[in-house]
Amino acid sequence: MSWIAIVVGLAFANNVVLDLLLGVDQGIERSDRLGAALSLGVWVALLATLAALLTWVAAHLLLAPLGVPFLQTVLFVLIIAALVLALEAVLSWLSRASRLSRGLERLIVPLVPLLTVNSAVFGVTLIAVRADYSLLGSALAGVGAGAGALIALVLLSTIRDRLSEQKIPRAFEGLPIIIITLGLLALAFAAFGNGLLGGPWGR
Amino acid sequence: MIDREGSDGRPLAAVAIGLFPAVAVTTRLDLSLALAGVLLVVLVGSKVAAALLAGRIPARIRLPAHLLIASVLVTAVTGLLRAIAPETVQALGIYLPLVAVSYLVLDQMAQSGSSVGKAALSGLATALLFAAALAVVALVRQGLGTGRITLFPAGDAHRPLLVPGVSRNPLRALALPAGAFLTVGYLLALVNWVRQRGDRSRSTNRSKGRIGPARSPGAGGQP
């Protein structure tokens, strides 16, 4: 599988949120404002890339030589938790130095518990290991998944913004209309898989 | 922010959001029931463990500790399931380990007090609600989307049941990932509608069935 196919696959044809249903729970929760959706999407992209790299190293240099592949779930979850804590610590250390990173810290701190248990981040590490990607391929899977999450979140939050001005039947208010919106977005994205990207890159 | 309403009161919204990403396996009823069973064991086990450890874990590392407990339980259940039904583990794919970071499990662990019995009971109740929801979604998606219902193999009856009238011309869109969203969304709206009718017949004016951003009175529109 070519590297372009990995990135484009997870961003469009098999969009992490709309096709693989990863990270939907937090996407629904954080897509009420564009800013919130953007910050979650960017952090997911960064974290998915780093996590895919680190879990590749852990899977190939630790789990495989020791012959304990069944510890994958435990180890990957802990790696992601440690990564989020480390990111938070680095940002809070940097924030004493500059004003820019103080803003960054304010952006990530409320997201820390969410990012630790984000199913898009954990899911992409599992996908990369199961598809037996190379180190670079895993990192690219992280990039593609992050881009996919960002695209889906931004689309959802802008549609929700428009919907907030519309009259919606009472039974559909709130959660049902958001989930149905995601369904229609997913239908639109299904076209990428079969028609638009099926030819040039294959799957 | 969506008001997800915790395990007290009305847990339906929490379960509805917690259905993702597990709802990806609802293209087959047997897989859905297997995943619901895994979640039941993990949810009850991790709630009991959280109740036993309540107050002994520093607040700062509570989330990683809860994650560790949940992922160890998932690993144990996966091993067990692999011994009984290896093809089910294969078919569940990444959605089986993803139970470890399930919103439902971690939310329930954070809420559990120090009473083991109460924790086990509320975990069981949530897991059963989750199983029922997943099974209904699977019945709709597999039944209408493919015209077949896959049950667990019993003796010679290994073939999936055919749904009369639909099996020749299934609504294929329901079997797509988009169908998962649409089914959950419309089922949730149906539940809301039934609940609102009940509320209205009791002539209460509270809109407690509604989940979501607060609207100004009247903007939502009484029909």
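1. Over all chains, the structure holds 5 aromatic pairs; rings of Phe, Tyr and Trp (its six-membered ring) pair if their centres lie within 6.5 Å. This is a predicted model, in which local features need pLDDT of at least 70, side-chain atom pairs count only at pLDDT 80 or more, and totals for chains, interfaces and linings use all residues. Residues are numbered from 1 along each chain as its sequence is written, chains are lettered from A and ligands numbered from 1 in the order in which they are written, and side-chain values use heavy atoms, with hydrogens and water left out.

2. The rings of A:F12 and A:F189 have centres 6.4 Å apart and planes at 15°, so this pair is stacked (planes under 30 degrees apart count as stacked, over 60 as edge-to-face and the rest as tilted). A:F12 belongs to helix α1 of chain A and A:F189 to helix α9 (residues 175-196) of chain A, 177 residues apart. Helices here are DSSP runs (H or I, at least four residues), numbered from the N terminus. A:F12, A:F189 and A:F192 form one aromatic cluster.

3. A:F12 is partly exposed, with a relative accessible area of 28%, whereas A:F189 is buried at 9%. Buried means under 20% relative accessible area, exposed over 50%, and partly exposed in between (1.4 Å probe, protein chains only).

4. In chain B, the rings of B:F20 and B:F181 are also stacked, with centres 5.3 Å apart and planes at 25°. B:F20 lies in the loop between α1 (12-18) and α2 (29-52) of chain B, and B:F181 in helix α7 (residues 177-201) of chain B, so the pair ties together parts 161 residues apart in sequence. Both B:F20 and B:F181 are buried.

5. Helix α1 (residues 3-13) of chain A packs against helix α8 (residues 135-163) of chain A at an angle of about 25°, with the axes 7 Å apart. The two helices are therefore roughly parallel to each other (angles under 35 degrees count as roughly parallel, over 145 as roughly antiparallel, 65 to 115 as roughly perpendicular and the rest as oblique). On the α1(A) side, the contact (heavy atoms within 4.5 Å) includes A:W3, A:I6 and A:F12; on the α8(A) side, A:G137, A:G144 and A:I151 are among the residues involved.

6. A:T73, in helix α4 (residues 72-95) of chain A, is buried, with a relative accessible area of 9%. Leaving aside neighbours within four places in sequence, A:T73 is in contact with A:F122, B:S71, B:V74, B:T75, B:P97 and B:A100.

How values were computed. Axes are lines fitted to C-alpha atoms, for helices over the stretch in contact, and angles run from 0 to 180 degrees between N-to-C directions.
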